[in-house]
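Subject: Structure handover

Hello,

Here is the structure I said I would pass on. My notes on it follow below.

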Amino acid sequence: MSDQFKILIISPDNDHASDIAKKIKKHFKDLQITMHFASDGTKGIYLFNQHFHHLVISDEKMPEMGGEAVIREIRKIEGSSVIFLLSNRTEQSD
């Protein structure tokens, strides 16, 4: 079990999180990966407290707690995880 690579994906957009997970599994199919998903930063922090994750991928803008706040909190818990912060790719105007 210790040879499993654990990834936490934090995103309010389930389709986006699913797309990321599929791409990771496709490119790293020989690696045993366990993925956890959270729909906001608060839930992400909770899951990280439950299980150490080698990689955290988080949206920047989320309900409850934004990505930058998530990074600060995770760094307080464990400073060695790799964290990717995803921002909106396109800006939309009304």
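Leaving aside neighbours within four places in sequence, histidine 54 is in contact with Gln4, Phe5, Lys6, Ser81 and Val82, where contact means heavy atoms within 4.5 Å. This is a predicted model, in which local features need pLDDT of at least 70 and side-chain atom pairs count only at pLDDT 80 or more, while totals for chains, interfaces and linings use all residues. Residues are numbered from 1 along each chain as its sequence is written, and side-chain values use heavy atoms, with hydrogens and water left out.

To finish with histidine 54: this residue sits in the loop between H2 and strand S3 (55–59). Helices (H or I, at least four residues) and strands (E, at least two) are DSSP runs, numbered from the N terminus. Histidine 54 has 29% relative accessibility and therefore counts as partly exposed; buried means under 20% relative accessible area, exposed over 50%, and partly exposed in between (1.4 Å probe, protein chains only). Its C-alpha atom is separated by 10.0 Å from that of glutamate 78, 24 residues apart along the chain.

Overall fold

There are three helices and four strands in the protein, and along the sequence they follow the pattern β-α-β-α-β-α-β. The protein has 94 residues, of which 34% count as buried. Of the contacts with a separation of 6 or more, 70% are between residues 24 or more positions apart. The accessible surface comes to about 6400 Å², and 49% of that belongs to carbon and sulfur atoms. Accessible areas come from the Shrake-Rupley method with a 1.4 Å probe; for residues, only the protein chains shown count as cover.

Helices H2 and H3

Two packed helices are described by the angle between their axes and the distance between the axes. For helix H2 (residues 41–50) and helix H3 (residues 67–77), the angle is about 15° and the axes are 10 Å apart. Axes here are lines fitted to C-alpha atoms, for helices over the stretch in contact, and angles run from 0 to 180 degrees between N-to-C directions. H2 and H3 are therefore roughly parallel to each other; angles under 35 degrees count as roughly parallel, over 145 as roughly antiparallel, 65 to 115 as roughly perpendicular and the rest as oblique.

Which residues of H2 and H3 meet? From H2 they are Gly41, Ile45, Phe48 and Asn49, and from H3 they are Val70, Glu73, Ile74 and Ile77. This contact divides into five nonpolar residues, two polar and one charged. Ala, Val, Leu, Ile, Met, Phe, Trp, Tyr, Cys and Pro count as nonpolar, Asp, Glu, Lys and Arg as charged, and the others, Gly among them, as polar.

Glutamate 73, in helix H3, is partly exposed because its relative accessible area is 29%. Not counting residues up to four places away in sequence, glutamate 73 touches Ile45 and Met65. Glutamate 73 and threonine 42 are 31 residues apart in sequence, and 9.8 Å apart in space, C-alpha to C-alpha.

Tyrosine 46 belongs to helix H2 and counts as exposed because its relative accessibility is 52%. Between the C-alpha atoms of tyrosine 46 and isoleucine 74, 28 residues apart along the chain, the separation is 9.9 Å.

Two strand residues

Is serine 58, with a relative accessible area of 1%, buried or exposed? Serine 58 is buried because of that value. Serine 58 is placed in strand S3 and touches Ile10, Gly67, Phe84, Leu85 and Leu86, not counting residues up to four places away in sequence. Serine 58 and alanine 17 are 41 residues apart in sequence and 9.2 Å apart in space, C-alpha to C-alpha.

Histidine 36 is in strand S2 (residues 33–38). At 18% relative accessibility, histidine 36 also counts as buried. With residues up to four places away in sequence not counted, histidine 36 touches Ile7, Leu8, Ile9, Leu47, His51 and His53.

Regards
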